[in-house]
Amino acid sequence: MDSNLEVNKKGAITALPKTRKTLKQSTKDHISGYLYISPFFIIFGIFGLFPIIFTAYISFHKWNILGAKEFIGFKNYQLLFTDPLFWKALGNTFSIWVISTLPQLFIALILAFVLNSAFLKGKEFFRLAVFLPNITSVVAVAIIFGAIFGETYGVLNYMLSFLGIEPINWTGSYFGTHVAIATMVMWRWTGYNTIIYLSALQSIPKDLYEAATIDGANKMQQFFYITIPMIRPMVIFTVILSTIGGMQIFAEPLMFAGAGGGALDQGLTMTLYLYEEAFVRSSFGYSSAIAWVLFLIIVLFSIVNLFVTNRIKSAD
């Protein structure tokens with residue numbers, strides 16, 4: 001008789017429960033599943049988690065990457081908060097972020113409405129056109145905008161001269177540098193946010209607009225009472241994403257103002273200052289402290305954004 005069969009009290013032959021085999025197969029399934037997802041965790045551990053932990057460790061040391069590490073406790077952080085360059089870099093970062101992010105999201109929302117409108121012809125072409133700046137090389141963008149914002153032979157100053165406006169020193173002043181860098185950021189990322197808003201608009205059921213029209217709601221009322229509440233999750237997503245990107249802005253000020261941020265440090269941002277301390281002055285402990293302060297600022301801003309949006313949602 002088969003070992004998996006047994007005779008019960010009534011003489012009938014029944015199968016034994018396969019608990020051992022089931023348990024063994026279940027274990028194999030679990031192991032197989034973990035093996036499938038293990039590459040992500042391995043790569044994240046090597047290139048994500050380890051650098052974060054190691055950076056926190058280095059921030060408590062004085063180290064030029066070649067010599068031995070010298071433990072100095074919180075001295076890097078104490079020096080950071082008394083460093084005028086740190087506060088200047090922080091102020092520049094916030095200024096460029098405000099100038100670039102708020103108009104960028106507003107323009108992206110308007111473009112998304114236009115691209116989603118029924119009267120527009122050739123929508124596929126325009127959707128591709130607004131996204132192209134996002135995949136353009138930052139170096140190419142910096143060269144083009146460097147020609148536009150040039151002081152002597154810049155296209156923008158040449159156009160302003162026809163209006164009787166004196167040439168603006170875009171590369172040598174706080175206002176000019178911040179506006180130029182913010183314009184570069186807006187030009188590159190507005191299309192990206194437009195596509196996100198467009199996908200959110202297309203997910204809104206048309207029945208809601210038809211019902212609102214029957215009830216007598218005009219376009220403005222439909223916008224504030226249907227469109228905005230329905231796309232709010234995407235708005236929150238773009239605000240948080242733009243905040244993180246704005247706090248980490250690096251390539252645009254580096255290419256436009258130079259590695260030092262300009263003669264007046266007017267283009268010096270947090271990440272550019274971090275780069276200077278690490279790879280120019282070889283102060284890796286101090287640059288690690290800058291990285292962690294920047295990380296905490298981004299976390300704080302993200303929490304504030306979530307708190308504000310949740311309060312707005314609860315008020316509605």
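Author: Axes are lines fitted to C-alpha atoms, for helices over the stretch in contact, and angles between N-to-C directions run from 0 to 180 degrees. The model is predicted, so local features need pLDDT of at least 70, side-chain atom pairs count only at pLDDT 80 or more, and totals for chains, interfaces and linings use all residues. Residues are numbered from 1 along each chain as its sequence is written, and side-chain values use heavy atoms, with hydrogens and water left out.

Reader: At what angle do helix H3 and helix H9 pack?

Author: Helix H3 (residues 84–116) and helix H9 (residues 219–247) pack at about 145°, with axes 11 Å apart. Helices are DSSP runs (H or I, at least four residues), numbered from the N terminus.

Reader: Which residues of H3 make the contact with H9?

Author: Contact means heavy atoms within 4.5 Å. Among the residues of H3 that make the contact are Phe94, Trp97 and Leu105, and H9 contributes residues including Phe223 and Ile231. By class, this contact has 10 nonpolar, eight polar and no charged residues; Ala, Val, Leu, Ile, Met, Phe, Trp, Tyr, Cys and Pro count as nonpolar, Asp, Glu, Lys and Arg as charged, and the others, Gly among them, as polar.

Reader: Why is threonine 177 called buried?

Author: Buried means under 20% relative accessible area, exposed over 50%, and partly exposed in between (1.4 Å probe, protein chains only). Threonine 177 has a relative accessible area of 0%, and is therefore buried.

Reader: What does threonine 177 touch?

Author: Threonine 177 lies in helix H7 (residues 174–202). Not counting residues up to four places away in sequence, threonine 177 touches Trp170, Thr171, Gly172, Phe256, Ala257, Gln266 and Gly267.

How values were computed: Helix = DSSP H or I, 4+ residues; strand = E, 2+ residues; numbered from the N terminus.
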